[in-house]
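Here's a quick briefing to read with the model open in your viewer. Have a look at the fold, then work through the notes below.

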Amino acid sequence: MDNSVDQMLNEYRARLHWDRREYKAALGHATAAADEALTKKDITGYWRMTLLLAECQMELGLIQEFAASTKKLSESSALQGDQAMIARARALYSRALESLGHIGESLVVAQEAAAIDLPDAMDPDEELEMLHGLVAALTESGKATEAWGHALRMANLAGQHDEQVIAGKAYWAVGNVAFLNGDGENGIRFHKLAAENLAPDNDVNIWAFFNKASALARLSAGIADQETLECIERAELASSVTGGTPLMELELSTARAQWLVFNNGAEEAAVIVQQILDQRELLPEHEIAEVEYVAALALHHLGRNDEALAAAVHSEKVFIARGAHRRALEVRSIIDSINAGSH
């Protein structure tokens, strides 16, 4: 059997498994098809399958691998000359960096992607991909006002999109920016549109991630109501159905602890975050910083200010090092509050 038939079969099987949400099997076939496409210099086929295998890695929570795949793709000599492909690959690489907590680097890559001079009008899917990376990086870098203009463009594209999941993910990103801008009304509105498009019937895995992210965005905006708790509970339920990763479970426990701090449950929250920090080897550094932020909130509420200050100072240091200025400022407000109380 020659390479062309092998490639066609692997691509067909990869798409079949992707449609069934069987991401591990899809990843294997997409990898084989990409290798075969590169061997016969089928650049479009190589791009198509490398993009699919990267998306499989993202769905499986293999963020380090997702970052490596998108970096390799964005720097591939095979793509030189195809500006649209390079721009989309760099936009995906920016999103991977943002997920890994490398906010400063993510913003640089996203801005490079957005600055690429594209000869024709961009495909709406490619533009949405570009905007996802740029909006997330700008927001986490503390430039949420600048991000909002790009976010409104995303909302406009989402409103014209036929595919529910793509539209839902775009509305999700727009809602995140609104919440982080302190605009709870638009945050709730766009996350409601996202929820309508990302129903659990479409993909339980995405439903889990969306509800977790929605809860975190609401908490970051100081919204710790019953609806925020319901987002956490929906994410926990969906994650249990899909067999969520240990990291997902720890992130949801952190969100629940933060909700408890805002709802007179600081003592219970302190116990939860300590249990998470006892498993710190499971967490990447930027996630530990997130847990320490919640630990500082809980401990400060309980008057355990020396412990709160130690957690907050380390958390702030990590966020500053990674260019996550928005998060660093939130932690700084706790440090200032503790220091003001000790004078």
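H132 is a handy place to start: this residue sits in helix α7. Keep in mind that you're looking at a predicted model.

**Around H132**

- Is H132 buried or exposed? H132 has a relative accessible area of 14%, and under 20% counts as buried, so this histidine is buried.
- Setting aside neighbours within four places in sequence, H132 is in contact with R95, M154, K169, A170 and A173.
- One of those contacts, R95, turns up again below, as the salt-bridge partner of E129.

**Salt bridges**

- How many salt bridges does a search of the whole structure find? The search turns up 16.
- As a general point, side chains of opposite charge can pair when their charged atoms come close.
- E129 and R95 meet through their side chains in one of these bridges, at 2.4 Å from N to O.
- R90 pairs with E112, and their closest N and O atoms are 2.7 Å apart.
- R90 belongs to helix α5 (residues 83-99) and E112 to helix α6 (residues 103-115), so this bridge ties together parts that are 22 residues apart in sequence.
- R90 is buried, at 14% relative accessible area, while E112 is partly exposed, at 37% relative accessibility.
- E307 and R304 form a salt bridge too, at 2.9 Å from N to O.
- In that pair, E307 is partly exposed at 40% relative accessibility, and R304 is partly exposed at 37%.
- Some bridges share partners: E290, R326, R327 and E330 are joined into one network that way.

**Helix pair α11 and α12**

- Two packed helices are described by the angle between their axes and the distance between the axes.
- Helix α11 (residues 204-220) packs on helix α12 (residues 226-242) at an angle of about 150 degrees, and their axes are 8 Å apart.
- Why do α11 and α12 count as roughly antiparallel? Their angle is about 150 degrees, and angles over 145 count as roughly antiparallel, so the pair gets that label.
- The α11 and α12 crossing is left-handed.
- On the α11 side, the contact is made by V204, N205, W207, A208, N211, K212, S214, A215, R218 and L219.
- On the α12 side, the contact residues are E227, T228, C231, I232, R234, A235, A238, S239, V241 and T242.
- Sorted by type, the residues of the α11 and α12 contact come out as 10 nonpolar, six polar and four charged.

**Helix pair α13 and α14**

- Helix α13 (residues 246-262) and helix α14 (residues 266-277) pack at about 160 degrees, with axes 8 Å apart.
- α13 and α14 are therefore roughly antiparallel to each other, and their crossing is left-handed.
- α13 brings L250, S253, T254, A257, L260 and V261 to the contact, and α14 brings A266, E268, A269, I272, V273 and I276.
- The residues of the α13 and α14 contact split into nine nonpolar, two polar and one charged.

Technical notes. Residues numbered from 1 in each chain as written. Predicted model: local features only at pLDDT ≥ 70, side-chain atom pairs only at ≥ 80, totals over all residues. Heavy atoms only, no water. Axes fitted to C-alpha atoms, helices over the stretch in contact; angles between N-to-C directions. Helix = DSSP H or I, 4+ residues; strand = E, 2+ residues; numbered from the N terminus. Parallel < 35°, antiparallel > 145°, perpendicular 65-115°, else oblique. Left-handed = near helix turned anticlockwise from the far one by under 90°. Contact = heavy atoms within 4.5 Å. Nonpolar A, V, L, I, M, F, W, Y, C, P; charged D, E, K, R; others polar. Salt bridge = Lys/Arg side-chain N within 4 Å of Asp/Glu carboxyl O. Buried < 20%, exposed > 50% of the residue type's maximum accessible area, 1.4 Å probe, protein only.
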